[in-house]
Amino acid sequence: MNVRQLDLSRRTIAVAAALIGTVSLVIGAHAALNMRAIDAAKAVSTDQITGSIGQATHLALVIGNGHYPDANAPLTQSINDARALSSSLRKNGFDVDMVEDATRDDMVRAVNRLKSRINRDSVVMLFFGGYGVQAGRESYMLPIDAVIWKESDVRRHGVSIDGVLEMMKEQGAKAKLVVVDASRRNPYERRFRSYSHGLAPISAADNALILSSASPGKVVDDGKGEHSVLVSELLNNLNAQGSSAESVFNKTRVAISRASEGDQVPSISSSLLEDVRFGEAGG
């Protein structure tokens with residue numbers, strides 16, 4: 001082999017070595033990219049799992065309406081009740097949206113905010129304190145700007161409790177809790193009825209628990225305390241950490257019935273299919 005042939009062989013070997021090195025680098029880089037992609041996929045998967053677990057939400061919409069222009073005096077208890085209940089629910093792990101002296105637009109916006117946050121893992125609670133009126137077979141929460149002279153105005157200006165429950169069901173809420181403290185004499189029904197009608201029975205949608213301050217068709221007088229009778233007892237029972245919702249509502253009902261010697265008997269309707277507990281929300 002002459003010198004020229006030797007140089008060509010060396011060049012060939014060098015080129016081959018360079019090619020092998022380049023291929024190795026490419027393979028190594030490709031493997032590294034694959035590992036990064038796998039790691040990234042694992043991270044995304046972990047985030048998705050964590051996010052899914054974290055979506056088990058406890059939501060509450062608390063509305064306290066006290067200053068109605070058509071009323072002779074404000075319902076100061078309703079505002080106090082909304083504030084105290086909101087504080088207690090937050091301690092029990094609920095994410096609370098509280099609205100005071102809400103107009104109809106305020107109430108509709110609040111219901112829509114709640115709707116946007118409900119998912120299939122949500123335990124959702126609605127509280128309303130204020131004036132309520134029955135129209136047909138439904139009970140309506142009245143905003144402070146309600147203009148009511150006839151029964152059809154109730155449907156036009158009020159917000160249906162049954163409608164809010166139906167919304168919760170359609171959004172797939174896991175469980176629905178409702179407390180209505182509105183079975184009081186109001187300045188509206190006298191305009192188109194000879195007597196105060198109270199509230200209609202509120203049907204418990206699937207997996208729902210409903211507590212109303214009086215039996216259907218009955219009205220009760222407000223006490224003179226800081227809070228209404230219903231909310232006073234409800235707060236007392238909510239302080240027992242880890243209590244089931246049904247236990248809290250039932251104890252509230254029994255305590256009020258006994259204290260009033262049967263004059264005020266709150267109404268409870270339940271279709272709960274699982275145990276919902278206060279004090280364990282978000283845990």
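Author: Residues are sorted by class: Ala, Val, Leu, Ile, Met, Phe, Trp, Tyr, Cys and Pro count as nonpolar, Asp, Glu, Lys and Arg as charged, and the others, Gly among them, as polar. The structure is a predicted model, in which local features need pLDDT of at least 70 and side-chain atom pairs count only at pLDDT 80 or more, while totals for chains, interfaces and linings use all residues. Residues are numbered from 1 along each chain as its sequence is written, and side-chain values use heavy atoms, with hydrogens and water left out.

Reader: How many helices and strands does the protein chain have?

Author: Helices (H or I, at least four residues) and strands (E, at least two) are DSSP runs, numbered from the N terminus. The protein chain has seven helices and nine strands. Of its 283 residues, 42% count as buried, that is, under 20% relative accessible area, with exposed meaning over 50% and partly exposed in between (1.4 Å probe, protein chains only). Contact means heavy atoms within 4.5 Å. Among contacts with a separation of 6 or more, 73% join residues 24 or more positions apart.

Reader: Which residues lie nearest the centre of the largest pocket?

Author: On a 1 Å grid over the protein atoms alone, a pocket is an open set of points with protein on both sides within 12 Å along at least five of seven lines, a cavity is a set where a 1.4 Å probe fits but cannot get out, and lining residues have an atom within 4 Å of a point. Grid points are joined across faces, edges and corners, and a volume is the space filled by probe spheres set on the points. In this model, Ala73, Leu75, Tyr131, Arg185 and Asp222 lie nearest the centre of the largest pocket, out of 18 lining residues. The volume of that pocket is about 290 Å³, and its lining comprises seven nonpolar, five polar and six charged residues.

Reader: What lines the largest cavity?

Author: The count is one cavity of 30 Å³ or more, and the largest has a volume of about 60 Å³. Its lining consists of Gln77, Asp181, Val220, Asp221, Asp222, Gly223, Ser228, Val229, Leu230 and Gln264. By class, these are three nonpolar, four polar and three charged.

Reader: At what angle do the axes of helix α2 and helix α6 cross?

Author: Axes are lines fitted to C-alpha atoms, for helices over the stretch in contact, and angles run from 0 to 180 degrees between N-to-C directions. The axes of α2 (residues 76-91) and α6 (residues 229-238) cross at roughly 10 degrees and come within 11 Å. The two helices are therefore roughly parallel to each other, a term for angles under 35 degrees, whereas over 145 is roughly antiparallel, 65 to 115 roughly perpendicular and the rest oblique. Asp81, Ala84, Leu85 and Ser88 in α2 meet Val231, Leu234, Leu235 and Leu238 in α6. This contact has six nonpolar, one polar and one charged residues.

Reader: Is Ser88 buried or exposed?

Author: Ser88 counts as buried because its relative accessibility is 9%. Beyond its neighbours within four places in sequence, Ser88 is in contact with Leu235, Leu238 and Asn239.

Reader: Which residues does Lys169 touch?

Author: Lys169, in helix α5 (residues 161-170), touches Lys176, Ala205 and Asp206, leaving out residues up to four places away in sequence. At 38% relative accessibility, Lys169 counts as partly exposed. Asp206 lies in the loop between β7 (175-181) and β8 (208-212) and is likewise partly exposed, at 47%. From C-alpha to C-alpha, Asp206 and Lys176 are 8.3 Å apart in space and 30 residues apart in sequence.
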